Amino acid sequence: MAAEVEVRAMRAAIEASERVRGTTSPNPPVGCVILDARGEVAAVGATSPPGGPHAEVNALREAGTRAEGGTAVVTLEPCAHTGRTPPCTDALQAAGVVRVVHAASDPNPSASGGAEVLRSAGVDVHSGLLADEVAKGPLRAWLHFVHTGRPHVTWKYAATLDGRSAAADGTSKWISSAQSRAEVHRVRAAMDAIIAGTGTILADDAQLTARDPDGNLLERQPLRVVIGDREIPPRARVLDDTAETLRLPGGDPAAALAELAGRGVVDVLLEGGPTLAGAFWEAGLVDRVLAYVAPALLGAGPAALGSAGVGSISQAWRLRIEETTMSGPDVRISAVPQD
């Protein structure tokens, strides 16, 4: 049974992993807290970008000699293999850590087994602490990527209470509130890529960047992915030099995700219009919905979702709501397809 101090440490490790989410792919965004022998926090670390140290190594370096006789609290089972960096299990043993508490077990066959390696070396290992929070939070996309071999797709949209994404004249600025828009930009900054279709780019001159409320670019920008065959004007904002843009011809969602997987893209935000969103749903390639529902009615105009392969009520995509919260005056809903 984990002590309360370890629960607090795991929550701190989750916060650390969230701060680096989007910077570590294809590696997992892991957080680690080192508690010294007295149970006091000696260091907090998180995974570096690919090729850099893992979370445990960063935390151990900061902790120094205080790690000896202490506990490592980690969001993911320490790796036991040599990749771009040596095994974290070796670093933990060398530092004199006597207990390791981790949330999720590593499903990657090439890296798993760290817990058993540590136990065999006499280290007390406890697994499963706050595992659900970690699996639904910072490691959601990476765990999905390991299990399926394709990026995790979150479909984000904003709509009115009657499900309209724009008015009859095509105007859509702004359906959602300033609070919701600011939150979406923070979500964008934590993603590996943002996907939109050529229709959205042509209609809105969408930039697909992450910005602060004043319109300034945030430090980190995801890959911009535009799917479709229609020509985009050379001066379109999505083609500027603020972030990398990848053009993918055709309209096959599975082919697009396969291309992105080959590039090490793990976490994707789908922001295309109703046609592209419908294509992803019809292909069964939406893993999460992030909806911002504004307290407004339009009565006419395009729906948020186009044809999604549904011909009758029995074919409806059924979702399980994970969370419903307020975002300013809007309702934010996070939901996942039912198993």
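# Close-up views of a predicted model

**View 1. Gln207 in the loop between helix H8 (198-204) and strand E8 (223-227).** Helices (H or I, at least four residues) and strands (E, at least two) are DSSP runs, numbered from the N terminus. The model is predicted, so local features need pLDDT of at least 70 and side-chain atom pairs count only at pLDDT 80 or more, while totals for chains, interfaces and linings use all residues. Residues are numbered from 1 along each chain as its sequence is written, and side-chain values use heavy atoms, with hydrogens and water left out. Gln207 counts as buried because its relative accessibility is 14%; buried means under 20% relative accessible area, exposed over 50%, and partly exposed in between (1.4 Å probe, protein chains only). Not counting residues up to four places away in sequence, Gln207 is in contact with Arg224, Arg237, Val238, Asp240 and Thr242, where contact means heavy atoms within 4.5 Å.

**View 2. Positive phi values at Asp205 and Leu208.** Most residues other than glycine have a negative phi. Asp205, a residue other than glycine, has a positive phi near 50 degrees. Leu208 is not a glycine either, and its phi is positive at about 60 degrees. Asp205 is found in the loop between H8 and E8, and Leu208 lies in the loop between H8 and E8. With 29% relative accessibility, Asp205 counts as partly exposed, whereas Leu208 is buried at a relative accessible area of 3%.

**View 3. The largest pocket and its lining.** On a 1 Å grid over the protein atoms alone, a pocket is an open set of points with protein on both sides within 12 Å along at least five of seven lines, a cavity is a set of points where a 1.4 Å probe fits but cannot get out, and lining residues have an atom within 4 Å of a point. The volume of the largest pocket is about 1300 Å³; grid points are joined across faces, edges and corners, and a volume is the space filled by probe spheres set on the points. The lining consists of 44 residues, and Lys156, Ser172, Thr200, Asp204 and Glu271 lie nearest the centre. At least two lining residues each come from strand E6 (152-160), helix H7 (178-189), H8 and helix H10 (274-282). H7 gives the largest share, with 6 residues.

**View 4. The largest cavity.** The structure contains 1 cavity of 30 Å³ or more. The largest cavity holds about 80 Å³ of space. It is lined by 13 residues, of which Arg21, Ser25, Pro29, Val266 and Asp267 are the closest to its centre.

**View 5. Cis peptide bonds at Pro26 and Trp174.** Most peptide bonds are trans. The bond from Ser25 to Pro26 is cis, with omega near 10 degrees, and Pro26 is found in the loop between helix H1 (4-19) and strand E1 (31-35). Lys173 and Trp174 are likewise joined by a cis peptide bond, with omega about -5 degrees. Trp174 lies in the loop between E6 and H7.

**View 6. Helix H6 (residues 140-148) and Gly149.** The buried residues in H6 include Arg140, Ala141, Trp142, Leu143, His144 and Phe145.
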